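Hello,

Here is the structure I promised to pass on. Please open it and keep it beside this email while you read.

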Amino acid sequence: MSPWQVQDGVRCSHAAAAPPSPGPADVCPDCVPAGGRWVHLRRCLTCDHVGCCDSSPNRHALAHFAATGHPVVASAEQREHWAWCYADSALLLPAP
């Protein structure tokens, strides 16, 4: 059984294979060397890469998807429990 359910009946071919999120992160490791800043963090559920969100100047999570094709990221923020599938533009929420 998948730990995720797709919001509002949107189809997502990746939700069933996406593992639960391993939890929060503290920094965007791609921003740190350049002295960049981030708004929120996202964690790839395929390889555990942490990147900054689409509201951040460098959009490292989206760049990771573009480079690897890893489709699902989860919020890596404290007290947030959701994921996003870039490939299917689908919001994933924890399954009941």
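Ser-56 sits in the loop that runs between β3 and α1. Keep in mind that this is a predicted model. The relative accessible area of Ser-56 is 2%. Buried means under 20%, so Ser-56 is buried.

Now look at what surrounds this serine. Setting aside neighbours within four places in sequence, Ser-56 is in contact with Arg-37, Trp-38, Val-39 and His-40. The side chain of Ser-56 reaches the backbone nitrogen of Val-39, at 2.7 Å.

Strands of a sheet pair through backbone hydrogen bonds, parallel or antiparallel.

Now walk through some pairs:

- β1 pairs with β6 (residues 90–94) in the antiparallel sense, over three bridges. Trp-4 stands opposite Pro-94 in β6.
- β5 (residues 83–85) is joined to β6 by three bridges, and the two run antiparallel. Here Cys-85 has Ala-90 of β6 as its bridge partner.
- β2 (residues 41–44) and β4 (residues 72–75) are antiparallel too, with three bridges. Arg-43 is bridged to Ala-74 in β4.

Look again at β5 and β6. They form a hairpin with four residues between them. Ser-89 is in that turn, and its phi is positive, about 50 degrees.

Last stop: His-70. Where is it? His-70 lies in the loop between α1 and β4. Which residues does His-70 contact, leaving aside neighbours within four places in sequence? They are Cys-44, Thr-46, Cys-47, His-64 and Phe-65. With His-64 there is also a polar contact, side chain to side chain, at 3.3 Å. For a sense of distance, take Pro-20, which is 50 residues from His-70 along the chain. The C-alpha atoms of Pro-20 and His-70 are separated by 15 Å.

Best wishes

Conventions. Residues are numbered from 1 along each chain as its sequence is written. This is a predicted model: local features need pLDDT of at least 70, side-chain atom pairs count only at pLDDT 80 or more; totals for chains, interfaces and linings use all residues. Side-chain values use heavy atoms; hydrogens and water are left out. Two strands pair if DSSP finds at least two bridges between them. Contact means heavy atoms within 4.5 Å. A polar contact is a pair of N or O atoms within 3.5 Å; within protein, one must be able to donate a hydrogen and the other to accept it, and residues adjacent in sequence count only if both atoms are side-chain atoms. Buried means under 20% relative accessible area, exposed over 50%, partly exposed in between (1.4 Å probe, protein chains only).
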